[in-house]
Amino acid sequence: MRWTIYVDLDAYYVSVELRERPELAGRPVIVGPPPAGGATRGVVLSASYEARKFGVHSAQPAVQAARLCPEAVWIPPDHAKYGRVAAEVRAVLGRFAPDLVPLSIDEAALGVELPDAAAARELAVNVQAALRNELHLPASIGAATTRTVAKIATDRAKPGGIVVVVPGEEAAFLAPLPVRAIPGVGPKTEELFRAAGVATIGDLAAQRPSSLSRRLGASARGWILLARGQGQDPVEEEPGPRSRSTDRTFPQDVASWEPLESAVRELAAGLAATLAEEELRYGSVGVAFRWADFTRTQRSRTLGASAEGPEPLARAALRLARDLWDDERAGRGRAIRTVSVRAERLAERHQRQVSLDSFPPPARPRGADDA
Ligand SMILES: [Mg+2]
């Protein structure tokens with residue numbers, strides 16, 4: 001039976017920083033641009049659970065976080081370091097499953113064949129222990145037979161827990177949860193659901209698309225399928241083995257450029273770290289948005305010469321994202337649910353002097369495949 005073991009590192013940036021500054025353990029710590037003078041537009045990237053008790057959360061304006069928790073210790077972000085550690089995480093996860101989909105810098109889905117729920121739990125326990133013992137990183141893990149259900153299970157497991165959804169019990173697991181537990185349902189969508197009499201995922205599963213589409217338009221069907229545990233996984237594209245991609249579904253739909261920009265930066269840094277780990281160069285970069293109504297637009301660009309390292313990838317991804325945002329959002333006036341960054345035309349590093357297309361595909365590298 002096919003399982004997804006969904007791994008989400010707890011307070012990732014903070015946990016990475018605490019490896020070097022263990023004396024800060026147990027204190028409110030915020031990774032983000034320190035709000036000097038109160039004029040910054042920066043946002044919190046990650047907050048320790050101690051800081052969260054004050055109401056601090058990621059994507060919150062730094063100024064507001066500083067007001068809520070004046071005693072917090074601020075650490076400026078070091079994206080290159082988080083990318084390097086993400087590659088260490090992938091190396092550990094890759095030992096447990098050859099089919100590894102990195103979904104963001106601190107989340108990954110392992111695809112594995114397992115006989116039953118007990119085996120899924122045992123694997124999750126082992127993965128969690130390896131991350132803790134070898135990398136000193138705490139993780140929450142959800143296991144289920146679809147990726148979306150596994151992701152929701154992971155959210156229930158935070159922080160530091162494991163939740164396994166027994167096959168056949170997906171709908172029963174989801175039913176009592178509020179619709180907000182579905183990745184991508186923010187306050188606006190929640191309000192639309194509420195107006196339609198839908199409070200829990202169980203209420204949503206019982207809806208007919210035709211009755212819900214009056215309020216939710218074309219996205220109604222997608223939400224209902226998700227609620228029934230039948231939803232498609234967030235990334236439907238199937239890039240060939242010679243590409244790598246990573247994506248992020250926002251906790252709520254994003255309608256402004258700043259959070260999108262920082263997500264693209266982080267995704268690009270994580271992806272570059274994966275490619276460096278695999279000793280791959282890239283010749284093309286792509287960016288895709290999934291909008292709140294589940295439609296998808298994408299754009300890609302072939303680089304003049306194949307590149308390596310985080311800079312060209314981040315630069316190209318940001319330009320593509322900005323263009324796509326400017327062109328598409330103006331006409332649509334819509335918000336973004338998921339953003340993905342992709343690297344294509346991959347080649348092993350030692351092939352750098354030769355045209356990418358003159359070689360047969362390299363042996364399928366371990367890990368990080370978009371299967
Ligand atoms: Mg996390």
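Predicted model: local features only at pLDDT ≥ 70, side-chain atom pairs only at ≥ 80, totals over all residues.
Two residues are in contact here if their C-beta atoms, placed from the backbone, lie within 7 Å. Helix α1 is mostly covered, with seven of its nine residues buried. Those buried residues are Y12, Y13, V14, S15, V16, E17 and L18.

**Overall make-up**

The protein has 13 helices and 13 strands. Of its 371 residues, 45% are buried. Among contacts in the protein with a separation of 6 or more, 65% join residues 24 or more positions apart.

R27 sits in the loop between α1 (12-20) and β2 (29-31). A residue is buried if 20 or more other C-beta atoms lie within 10 Å of its own, and exposed if 12 or fewer; R27 has 14 such neighbours and therefore counts as partly exposed. Apart from neighbours within four places in sequence, R27 is in contact with E50 and V73. The C-alpha atoms of R27 and A51 are 7.5 Å apart, although 24 residues separate the two in sequence.

**The largest nonpolar core**

The largest nonpolar core holds 104 residues, and the members that touch the most others are I5, A143 and A317. Helix α12 (residues 257-277) supplies the largest share of this core, 10 residues. In soluble globular proteins, nonpolar side chains tend to be buried together. A317 is in contact with V264, A268, V285, V287 and V341, leaving aside its neighbours within four places in sequence.

**Helix packing**

| Helix pair | Axis distance | Angle |
|---|---|---|
| α4 (residues 79-96) and α12 | within 8 Å | roughly 50° |
| α4 and α5 (residues 117-135) | within 10 Å | roughly 145° |
| α10 (residues 209-216) and α11 (residues 220-227) | 8 Å | about 125° |

The crossing in which α4 passes α12 is right-handed. On the α4 side the contact is made by H79, A80, Y82, G83, R84, A86, A87, R90 and A91, and on the α12 side by R265, E266, A269, G270, A272, A273, T274, A276 and E277. By class, the residues of this contact of α4 with α12 are nine nonpolar, four polar and five charged.

The crossing of α4 with α5 is also right-handed. Here α4 contributes E88, V89, V92, L93 and F96, while α5 contributes L123, N126, V127, A130, L131, E134 and L135. The contact of α4 with α5 has nine nonpolar residues, one polar and two charged.

Helices α10 and α11 pack at about 125° and are therefore oblique to each other. P209, L212, S213 and L216 of α10 meet A220, R221, W223 and I224 of α11. Six nonpolar residues, one polar and one charged make up the contact of α10 with α11. An α-helix has 3.6 residues a turn, so residues three or four places apart point the same way.

Methods: Residues numbered from 1 in each chain as written. Core = buried A, V, L, I, M, F, W, Y, C linked by C-beta atoms within 7 Å. Helix = DSSP H or I, 4+ residues; strand = E, 2+ residues; numbered from the N terminus. Axes fitted to C-alpha atoms, helices over the stretch in contact; angles between N-to-C directions. Left-handed = near helix turned anticlockwise from the far one by under 90°. Nonpolar A, V, L, I, M, F, W, Y, C, P; charged D, E, K, R; others polar. Parallel < 35°, antiparallel > 145°, perpendicular 65-115°, else oblique.
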